[in-house]
Amino acid sequence: MEEYNYEYDYKKYTKNNKNKSGNKEKNYKRCTMILYNSYDKSKWHEAHKRAIARAAPICTAFDWNLAIYDFPVDKIENLEGLESTNTEKDVIKLIETTIGGSGSYLRNLIDNNRFIVTNKYQAQFGTPIATTSKPDAKKLITPKQVLQELQKKPCGVFIGLGRHGLPKDVMKMGHYELDITEKGLSLETCTAIASIPSVLGTMAKYE
């Protein structure tokens, strides 16, 4: 099977199908998907690689940035020829190599300075939004309200990696809490990674 040239076809599709709804285009700021490692902070696991591999093509497709937060990047086994992982470039090279085929999508994000390795919330992410199936009524934000926020400033959307979701300290960090289903349904991590940008991206296209 021939390799799919996603970058060329995606740009062509966007150009030919831009604003087909006939609505006036709105200027949305960029979202960053922040994968929070609530799985294991002491060892680099296959689950860490899979999460990045799943998130990279989604972020590419819907024009999101991707950040990994509190990942044990210092636990990745060094590649041949690399003496340490002290620099961000070394870390990114290690991550790109370990995730396999989807590394082509990650490379697209890296080349456009849209992949971030961090252990603290950065101002460039904008408004922090925690995702949960049980949002606090006082901090609840709907998908439509997220789009309204994106007309003013960027947003960083936290997704917890692991069965326990986001810890309390990260939930407190969020200015808002988003249930993408609006029905209180709990989603598996990989499902949330795909559905959140998809829902917001589709709503923005036809808003």
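## Helix 5 against helix 7

In this predicted model, the axes of helix 5 and helix 7 approach within 10 Å of each other and cross at roughly 70°. Because angles of 65 to 115 degrees count as roughly perpendicular, helix 5 is described as roughly perpendicular to helix 7, and the crossing of these two helices is right-handed.

On the side of helix 5 the contact is made by Pro143, Lys144, Val146 and Leu147, while helix 7 contributes Val199, Leu200, Met203 and Ala204.

Is Glu149 buried or exposed? Glu149 has a relative accessible area of 8%, and because buried means under 20%, Glu149 counts as buried. If its neighbours within four places in sequence are left aside, Glu149 is in contact with Thr127, Cys155 and Tyr176.

## Helix 2 against helix 7

Helix 7 (residues 189-206) also meets helix 2 (residues 46-61), and here the two axes come within 10 Å and cross at roughly 10°. Since angles under 35 degrees count as roughly parallel, helix 2 is roughly parallel to helix 7, and helix 2 passes helix 7 in a right-handed crossing.

The residues that make this contact are Ala51, Arg54, Ala55 and Ile58 from helix 2, together with Cys190, Ile193, Ala194 and Pro197 from helix 7. The contact of helix 2 with helix 7 divides into seven nonpolar residues, no polar ones and one charged residue.

## The nonpolar cores

The largest nonpolar core holds 39 residues, and those with the most contacts inside it are Met33, Leu35, Leu66, Ile95, Phe115 and Ile196. Several elements each supply at least two residues of this core, among them strand 1 (31-37), strand 2 (65-69), helix 3 (88-98), strand 6 (155-161) and helix 7, and the largest share, six residues, comes from helix 2.

Ile95 touches Trp44, Ile52, Ile68, Val73, Ile76, Leu106, Phe115 and Val117, not counting residues up to four places away in sequence.

## Helix 4 and the residue after it

Within helix 4 (residues 103-111), the residues Gly103, Leu106, Asn108, Leu109 and Ile110 are buried. Just after helix 4, Asn113 takes a positive phi of about 55°.

Technical notes
Residues numbered from 1 in each chain as written. Predicted model: local features only at pLDDT ≥ 70, side-chain atom pairs only at ≥ 80, totals over all residues. Heavy atoms only, no water. Buried < 20%, exposed > 50% of the residue type's maximum accessible area, 1.4 Å probe, protein only. Contact = heavy atoms within 4.5 Å. Axes fitted to C-alpha atoms, helices over the stretch in contact; angles between N-to-C directions. Helix = DSSP H or I, 4+ residues; strand = E, 2+ residues; numbered from the N terminus. Parallel < 35°, antiparallel > 145°, perpendicular 65-115°, else oblique. Left-handed = near helix turned anticlockwise from the far one by under 90°. Nonpolar A, V, L, I, M, F, W, Y, C, P; charged D, E, K, R; others polar. Core = buried A, V, L, I, M, F, W, Y, C linked by side-chain atoms within 4.5 Å.
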